[in-house]
Amino acid sequence: MSSDASGAASLVERASKRIVVVAICAAIPLHLFVDADGWSIRALTLAMAVAGFLGARRWPAATPAAMTILLTVGPALLTVVLGVAALNVFYTALLTGLFASLLPRIPLDRWTLPSSWRPLLGIWGLTLALGWPVMIVREAGVRLGTLRDSGALDSWTLLTTPQVESWILYVVITQLVALVWLEWVYVWVAGIRDQGSRTLDPRVVDPRSPIPDPRVQPVHGLWIGATLASLVAIYQGTVDIAFLSGGPWPGLRRAAGTLLDANAYGTVAAFAGPIAFVSIPHLGWRHPRPAQAAALAINWAGAWMSGSRTAFVCGALGTVLLVYESLRASRRTDAGSRQASSLLAGVAVVVLLLIAAAGAIGPFRRIVATARTDAAVTDLWSRGGYGTVATRMIRDYPVIGIGVGSFNWMAADYWRMMANERLPFDNAQNWWRHQVAELGIVGSLPVVLWSFLIAWLVFTRRTPPDHRIETATLRGLLIGLGIASLLGVPTQNPLVLLIFFYLVARFENLTNPRTHEPRTSNPRTPNRPIPTAAWIAGAVIAMAYAGGQLALARGPLKPLARAERTNRDYIIGSYPGERLPQGSFRWTRKHATFALAVPSRYLVVRFHVAQPDIGTHPVKVRIMTACQTLVDEFVTDASAYARAYEIPPGESRIVFDTDVSRTWRPSDFGHADTRELGLAVEADFVGTPTVVSSQERWIPLKPCRAL
């Protein structure tokens, strides 16, 4: 490879890393602006960022570990303190602290990952970083006019534009921060490995960095936080199911721990028990066995009380392999065999006693209940409509998908078109299908190839004899997560994704033969270079994805076009509707657009303004379609006006704009309402022309299909 080629490759790699970091730094404040009400959560996020960054400079391993503990217990604590369960924003605030704690120890000019991972994950990160701004512009408009428009419903999930934007930003922040975490964990465990071999490999670890302490590993924060959550879950399952919980979970008799989500908590706990068992010996305690047994028992009891079937699938195989390898290793002596058998039997007894005392439902009951429905095998693919919708999305947009973070809420629109039924907010019920639906074949190619590479390593790598128990446990947990990902997307939760990336990094460290060979190569030799063509091709993929999504955002995936296809009302520039004795009305801002489904050919539009000084300063009101002006006059009082319109035959949609010459804020006149109010509008479709002709005047509308 020529020096020019190497420089080009390095340029793309450096750019991808820096763009990812900048994208995270931009997405976090935007998320807080879009979704956070009040300054409390914003102040907390800023405090987390400062504490994480400064703490990591002094305690480079302990600070990220502390942040992962907060990430586990934070959702419930913040809900108690703030009085609202805003999970998306809570996770963004907590992930900000983790991200800030990783920054001081990661390079900004390269990806410090195995050579075969670097282009795949680097380009995946670049694709997300370039793609999410397009998603925000698509939903909010080029001028970002609906960025915080709480009156605009973006899909049949009945989520507003800010809520949709919040979900998109949450998904992107979760994945990009987790990618940085994977790099940090890989560097850290490699540093511990090199310290154990009494070398420090400059290909992975900066020699100027402090030598990692083997006792302070990033994994400890994950299992400690999960164990605290499991203690809460056990209390929920045995004493008070509503304690620190909410939503549907208490009614379903499912413990949610401190995560406010029983499925996510159960998966985290199922991972945490086996991980704690194999990680506690690294702490160097003289008698680690009691702590290992307690962590395994507490987390499995909590996971069971969550009732999560995904959790059972994720943790079962890893736990079975842990037990098998522990018993196998203890057979060397009679005393060791008795000790291991007694320990594991004690864990089983404690878990069974807690399960027997619990009022929470377990995963077996839910599995049996599902089996009794006599569901066909094909239902495992369609998954209640989500698989069918994902397949349709892939068929419609096979190259670049529907956009990152868009499946969960856009699926309801598809199901409305396909079955004319409501579909709740959820994922594609298969990780690979979900990636292709959102990113398309082009955008998902890097991360899907990486997942296949990890699967190959998990099934083919040999188990090193000096780490048999830990390696077998990690292998089982990774296989379990892979199986669960065939029927769901558990890694949409930040903690599950962080755990998965830790498992991958640690497994690579333990099983890669090169990590156990003496270092005979020149220590200044860089990690194996990536061909220039690979980096350039990857950059083209990322830019093609962003460019393609921009084209779709101006065409078939434009919110107004989506609303037309699904025959859904789409109103921007207004506030949520307010009830009347009959019907409802909306206050607009200065400008508003109403795109309405037409259930009847006869429409009555009622409107009024309420500026306190309207008697001396009239307000000009304009209502118009793209083809016709409906109202254009000065209003001098607060009376309600009505105009009746007959819609041409064959028209299924009507789109009209409203405009007022000036707005006002009730708070400026001693009221609590701080909204900027323009025109109060009620659009009432009536069944007969008699009602229309009884109005002051009526106007036949011109045919107008422009949107």
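In which hand of crossing does helix 16 pass helix 19? The tour reaches that pair at the second stop.

**Before you start**

This is a predicted model, in which local features need pLDDT of at least 70 and side-chain atom pairs count only at pLDDT 80 or more, while totals for chains, interfaces and linings use all residues. Residues are numbered from 1 along each chain as its sequence is written, and side-chain values use heavy atoms, with hydrogens and water left out.

**Stop 1: the whole protein**

Show the protein as a cartoon. It has 21 helices and ten strands. Both are DSSP runs numbered from the N terminus: helices are H or I with at least four residues, strands are E with at least two. Of the 707 residues, 54% are buried. Buried means under 20% relative accessible area, exposed means over 50%, and partly exposed lies in between (1.4 Å probe, protein chains only).

Now consider contacts, meaning heavy atoms within 4.5 Å. Among contacts between residues at least 6 apart in sequence, 76% join residues at least 24 apart.

**Stop 2: helices 16 and 19**

Select residues 431-460, which are helix 16, and residues 532-553, which are helix 19. They pack at an angle of about 160°, with their axes 8 Å apart. Axes are lines fitted to C-alpha atoms, for helices over the stretch in contact, and angles run from 0 to 180 degrees between N-to-C directions. The angle therefore makes helix 16 roughly antiparallel to helix 19. Angles under 35 degrees count as roughly parallel, over 145 as roughly antiparallel, 65 to 115 as roughly perpendicular and the rest as oblique.

Helix 16 passes helix 19 in a right-handed crossing. A crossing is right-handed if the near helix is turned clockwise from the far one by less than a right angle, and left-handed if anticlockwise.

Show side chains next. Glu438, Leu439, Val442, Gly443 and Leu445 of helix 16 meet Ile541, Tyr545 and Gln549 of helix 19. The residues of this contact divide into five nonpolar, two polar and one charged. Here Ala, Val, Leu, Ile, Met, Phe, Trp, Tyr, Cys and Pro count as nonpolar, Asp, Glu, Lys and Arg as charged, and the others, Gly among them, as polar.

**Stop 3: helices 17 and 18**

Select helix 17 (residues 468-485) and helix 18 (residues 494-511). Their axes come within 10 Å and cross at roughly 140°, so helix 17 is oblique to helix 18. This crossing is left-handed. Among the residues in the contact are Leu474, Leu478 and Leu481 of helix 17, and Phe500, Phe507 and Leu510 of helix 18. The contact residues of this pair divide into ten nonpolar, two polar and three charged.

**Stop 4: two buried residues**

Select Thr63, in helix 3 (residues 62-82). Thr63 is buried, at 8% relative accessible area. Not counting residues up to four places away in sequence, Thr63 touches Ala51, Gly52, Gly55, Ala56 and Ser101.

Then pick Ile571, in strand 1 (residues 570-574). Ile571 is buried, with a relative accessible area of 8%. Leaving out residues up to four places away in sequence, its contacts include Gly151, Ala152 and Phe594.

**Stop 5: two loop residues**

Which loop holds Arg253? Arg253 sits between helix 7 (219-238) and helix 8 (262-279). Its phi is near 60°, a positive value in a residue other than glycine. Arg253 is partly exposed, at 39% relative accessibility.

End at Asn567, in the loop between helix 20 (559-565) and strand 1. Asn567 has phi near 55°, also positive in a residue other than glycine. Asn567 is partly exposed, with a relative accessible area of 42%.
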